[in-house]
Amino acid sequence: MIDPEDLVGPEWAEWYRMTPQERWDASARMWADYLALGGSLDPEPDSQSPFFDPDAPGAGAVDGRPGLRVIRRGGV
Amino acid sequence: MGGQACVLYGAAEFSRDTDLAILAAAENLQRLQNALAELQGERIAVPPFELRYLEMGLAVHFRCRLAECAGMRIDIMAKMRGVAPFADLWARRTTIESDQSSLDLLSLPDLVQAKKTQRDKDWPVITRLVEASYFHQRLKPTPSLAEFWLRELRTPQLLIDVASEHAAQAHALSGQRAAVAAALGGYQALATVAREVQAEQDREREADRQYWRPLKKELERLRREARSE
């Protein structure tokens, strides 16, 4: 029998072992951090989605904050 | 039925919206309209929130303005390609209870089916969903679980293991899924299983593109109409 660690690595194996409630709570914590950092709730444009509208205006952040933005980037 | 359901079932998606599969019926739409009004939900794109568009298979998109959920997106659908009618989905739904509330989710097989889209990002999620099911329940497999894994596993090594552990079921399904037929060849056939799994994905994605072609035309028509108003 294959161990989850051997197939997907320790992080995924740990995620798989959690109960649904534990995953829900972990996801909620990540969401709280993301929002505290100014993350936007607007879905990223997905050009593969049938609902993608290239002419749609991007919605601003609801609380008026600019959301996350890159302030330094590597060479690639 | 979207990212939140995936998290609960064992995959992980950083989905920024909440996707709801609903019964497309006039009285149900009215109830939903009332609930959206409580959340100060505003429709943010075409199509309009009407029965005929939901029955067509289009999604209706809302953004909430109520302070407690400000900015949250809610997408509503009633029909998805290759997915059973709502009455069946409801009958076999999963209900998860927490301290504060209960959540009704698409059953795992229905969620997997709903994820078979043309988008790159949905396919790794399917892989994770079925892997999570297998690792969680492989020590207490039922015939229906084994059939689900044989039909949906996308991880070649695991499909080979399941085909070996449930050989009779694998033989019975081998005519319906080429990847299962290949998996019966064991680890020597690993590359063939991987090729067959990829070929399935390519076929499903193409089928999804074909399914959406007329619907995208309808969306474009509605957008033109909305912009000219």
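**Exercise 1.** Work out why P48(B) counts as exposed.

*Solution.* Start with the neighbours: P48(B) has 11 C-beta neighbours inside 10 Å, so P48(B) counts as exposed. The cut-offs, with C-beta atoms placed from the backbone, go like this: 20 or more other C-beta atoms within 10 Å means buried, 12 or fewer means exposed, and in between is partly exposed. Next, find the spot: P48(B) sits in the loop between β2 (41-43) and α3 (51-56) of chain B. Helices (H or I, at least four residues) and strands (E, at least two) are DSSP runs, numbered from the N terminus. Finally, P48(B) and V60(B) are 12 residues apart in sequence, and their C-alpha atoms are 6.9 Å apart in space.

A quick note: this is a predicted model, where local features need pLDDT of at least 70 and side-chain atom pairs count only at pLDDT 80 or more, while totals for chains, interfaces and linings use all residues. Residues are numbered from 1 along each chain as its sequence is written, with chains lettered from A and ligands numbered from 1 in the order in which they are written.

**Exercise 2.** Find how chain B is divided into domains.

*Solution.* Chain B splits into domain 1 (3-107) and domain 2 (122-209), with bounds from an automatic or database domain assignment. Over C-alpha atoms, their centres are 29 Å apart. Each domain of chain B puts seven residues into the contact (C-beta atoms, placed from the backbone, within 7 Å).

**Exercise 3.** Say how many residues of chain A are in contact with chain B.

*Solution.* Count first: 25 residues of chain A touch 31 residues of chain B. Then look at the elements: α1 (4-17) and α2 (20-36) of chain A each supply at least two residues of chain A's side.

Methods
Contact = placed C-beta atoms within 7 Å.
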